[in-house]
Amino acid sequence: MISELKLELINTFRNKVHEHNDFIRLYFVDYKPKNNIEGKDIWSKICSCMDWLTVAVEGIKKPEINKNMNRSSLEFTHFIVTIDMIVEAVNHLWLSIGQAVNAKQPYIKDRSIFKGREFDKDYTDEKYFKEIRSWFGVHAVNGNEVDLDGFNKGVRFFSSWSGSFNEGEFFLRLYSNNSTAEKKYGGIKKVRVESLIQFVELRYNTLWKLMDHIDDLYLKEKTILQNTPIQLDNSKDELNQLKQLYQQAKERKLTKEYYEESILDYMGFLSCDLNDYKEAEREIVARYLSDLKSIIPVYYKIIQEVDEREFEVFELLNMRSRTYDDNYYDFSKVLESAAEGSKFHSGNGVSLEILIEKGVLPDYCLSLSGPSLYLLIHAIDHEHNKTNSRKVEKNEIVQIIDDISDPPVILTIKSYK
């Protein structure tokens with residue numbers, strides 16, 4: 001690493017990208033600048049840029065003068081290539097995100113650092129750096145073809161190995177396949193290490209400005225959605241109200257994943273037939289479904305206001321009792337199979353049989369369908385939780401984000417009393 005390029009910046013940028021329930025991923029995974037056109041997955045490009053910025057910023061080192069000139073030359077080429085990697089990643093982040101906010105990337109036409117002039121032309125710093133990259137190793141032997149005034153066709157230039165007389169500057173000799181062009185435009189080319197660092201530092205630090213644009217984009221999209229009323233037909237039953245809200249949430253990029261798994265579970269509960277249960281359990285399930293009704297107005301509010309706060313009412317859809325905690329392994333195995341729609345019978349439901357033997361679940365659970373069993377377990381847990389709950393230590397909740405996966409995997413780890 002070099003002190004001018006702070007690793008904290010790309011880490012901060014990555015965190016900004018994942019703010020607001022992964023807004024940037026949701027917005028750019030199927031990006032459409034206009035309606036009725038095919039979307040593009042810009043998100044994968046953003047991930048690539050962030051990953052290579054982390055690699056390059058952490059790994060870049062200032063070139064050192066070595067007694068072995070060959071090694072010094074090669075290390076300087078590596079230094080330049082790493083700078084190019086950083087600059088390209090920053091440029092493409094601006095290209096990816098900037099198109100949605102009509103933002104112009106800073107310093108694209110700047111020439112304050114190199115003040116480059118070659119082949120009788122003034123060069124922007126961006127363009128001049130590409131020449132430096134070419135001369136000092138990337139296209140040193142295959143020759144860049146240049147169109148020059150007074151020459152009938154393009155002229156190619158080649159370069160020697162690079163060397164240095166001091167820590168702060170590297171040089172090489174530029175040749176040409178045209179002797180006249182070499183005499184006029186070839187010769188010694190020099191570049192200062194400090195100038196290269198200034199060049200990359202200036203561009204890397206534009207990520208702060210790009211983060212401001214991310215905030216602006218989020219606020220803009222949020223305001224648009226807040227001013228766009230969603231519809232809810234209260235005359236419909238709970239299941240159809242949820243379906244109506246869920247469909248609208250999916251159509252609004254910011255809210256499409258808000259409590260998605262919880263809502264799908266709830267809709268699954270409402271799709272179950274209460275006649276599958278005997279009277280005692282039917283009453284427990286009915287009380288549970290009645291308590292779950294309070295989720296609907298909260299879900300409506302979340303979608304309408306684009307409210308990303310944590311709402312306690314959704315804890316109703318989680319297993320929370322001490323009974324569950326005491327039988328965690330068996331419950332987890334049964335719930336996993338039930339959620340997949342598996343049909344239990346004697347022999348393939350060992351954990352279910354254990355819970356039945358303990359009196360935690362009724363014996364006819366072996367004949368229930370996966371969805372009906374899934375609902376019953378949650379309803380019984382809800383009933384137990386009223387008198388025998390366990391509490392989450394909120395300061396022991398940790399989220400781990402794996403943004404390499406598509407979509408990113410968010411693993412939540414909770415510790416309980």
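A: The largest cavity has a volume of about 50 Å³, where a cavity is a set of points on a 1 Å grid over the protein atoms alone at which a 1.4 Å probe fits but cannot get out, and a volume is the space filled by probe spheres set on the points, which are joined across faces, edges and corners. This is a predicted model, in which local features need pLDDT of at least 70, side-chain atom pairs count only at pLDDT 80 or more, and totals for chains, interfaces and linings use all residues. Residues are numbered from 1 along each chain as its sequence is written, and side-chain values use heavy atoms, without hydrogens and water.

Q: How many cavities of 30 Å³ or more does the search find?

A: The search, run over the whole structure, finds two.

Q: Which residues line the largest cavity?

A: With lining residues having an atom within 4 Å of a point, the lining comprises F119, E131, S134, W135, H139, A140, N144, V146, F157, F158 and S159. Two or more of these residues come from each of α5 (125-138), β3 (144-146) and β4 (155-159), the helices (H or I, at least four residues) and strands (E, at least two) being DSSP runs numbered from the N terminus.

Notes:
1 Å grid on protein atoms, 1.4 Å probe; cavity = no way out; pocket = protein on both sides within 12 Å on 5 of 7 lines; lining within 4 Å.
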